[in-house]
Amino acid sequence: AAVSFFRKRLGQEGEELAAGFLRKKGYKLVERNYRCKTGEVDLIVLDRKVVVFVEVKTRSDQSFGSPFEAVEARKQRKMIQAAQYFLHERKLHQRDARFDVVGISWQGDRPVLEHIENAFEVS
């Protein structure tokens with residue numbers, strides 16, 4: 001139980017950091033931890049008029065590969081389904097949308113953030 005608590009805390013802290021990081025880049029936060037029956041999205045932000053669905057991956061070390069390697073095909077499908085649901089629900093289907101990943105790795109007690117825009121496409 002301690003491990004899952006630690007992982008959850010790490011994830012929440014990562015989302016906080018990512019939200020602040022994106023805000024500094026001029027993005028507007030729309031929603032955090034969006035959940036629907038088809039999946040979930042960590043952060044939904046606006047980059048001008050583009051709706052951006054963001055997966056935040058936080059790693060305490062590199063032993064499991066980079067944060068970006070963790071966003072595999074199944075996770076991408078779930079995110080795409082949740083995004084489509086969100087756009088439909090909010091009547092935003094005419095808006096451009098994209099999928100970004102913010103990877104956070106810790107070097108000592110210092111977070112290093114990496115932002116990949118258009119991390120994957122809707123196939």
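Visitor: Helices (H or I, at least four residues) and strands (E, at least two) are DSSP runs here, numbered from the N terminus. So where does Val-45 lie?

Guide: Val-45 lies in strand E2. A word on the source: this is a predicted model, in which local features need pLDDT of at least 70 and side-chain atom pairs count only at pLDDT 80 or more, while totals for chains, interfaces and linings use all residues. Residues are numbered from 1 along each chain as its sequence is written, and side-chain values use heavy atoms, with hydrogens and water left out.

Visitor: Fine. Is Val-45 buried or exposed?

Guide: Val-45 has a relative accessible area of 3%, so it is buried. The cut-offs are under 20% relative accessible area for buried, over 50% for exposed, and partly exposed in between, with a 1.4 Å probe and protein chains only.

Visitor: Which residues is Val-45 in contact with, leaving aside its neighbours within four places in sequence?

Guide: With that exclusion, and with contact taken as heavy atoms within 4.5 Å, the list for Val-45 is Leu-22, Tyr-27, Lys-28, Leu-29, Val-30, Val-50, Val-51, Val-52 and Val-54.

Visitor: Back up a bit. How many helices and strands are there in the protein?

Guide: The protein has 2 helices and 5 strands. Read from the N terminus, the order is α-β-β-β-α-β-β.

Visitor: How much of the protein counts as buried?

Guide: Of its 123 residues, 40% count as buried.

Visitor: And the contacts between residues at least 6 apart in sequence: what share joins residues at least 24 apart?

Guide: That share is 57% of those contacts.

Visitor: Changing topic. How many aromatic pairs does a search of the whole structure find?

Guide: The search finds 4 aromatic pairs. Rings of Phe, Tyr and Trp (its six-membered ring) pair if their centres lie within 6.5 Å; planes under 30 degrees apart count as stacked, over 60 as edge-to-face, and the rest as tilted.

Visitor: What sort of pair do Phe-53 and Phe-86 make?

Guide: An edge-to-face one, because the planes of the Phe-53 and Phe-86 rings stand at 85 degrees, with the centres 5.8 Å apart. This pair links distant parts of the chain, since Phe-53 sits in strand E3 (residues 50-59) and Phe-86 in helix H2, 33 residues apart.

Visitor: Which residues do ring pairs link into a cluster?

Guide: The cluster consists of Tyr-34, Phe-53, Phe-86, Phe-99 and Phe-120.

Visitor: Staying with helix H2, what about Leu-87?

Guide: Leu-87 lies in helix H2. Its relative accessible area is 11%, so Leu-87 is buried.

Visitor: What does Leu-87 touch, not counting residues up to four places away in sequence?

Guide: Leu-87 touches Val-51, Phe-53, Leu-92, His-93 and Ala-97. Ala-97 is 10 residues from Leu-87 in sequence, and the C-alpha to C-alpha distance is 8.9 Å.

Visitor: Where is Lys-75 found?

Guide: Lys-75 is in helix H2.

Visitor: Is Lys-75 buried or exposed?

Guide: Lys-75 is buried, because its relative accessible area is 19%.

Visitor: So what is Lys-75 in contact with, leaving aside its neighbours within four places in sequence?

Guide: Beyond those neighbours, Lys-75 contacts Glu-40 and Glu-55.

Visitor: Last topic, backbone angles. What is phi of Asn-33?

Guide: Phi of Asn-33 is near 50 degrees, which is a positive value in a residue other than glycine. Asn-33 is found in strand E1 (residues 28-36). With a relative accessible area of 31%, Asn-33 is partly exposed.

Visitor: And what is phi of Arg-48?

Guide: For Arg-48, phi is near 55 degrees, again positive in a residue other than glycine. Arg-48 has its place in the loop between strand E2 (39-47) and E3.

Visitor: Does Arg-48 count as buried or exposed?

Guide: Arg-48 counts as exposed, because its relative accessibility is 73%.
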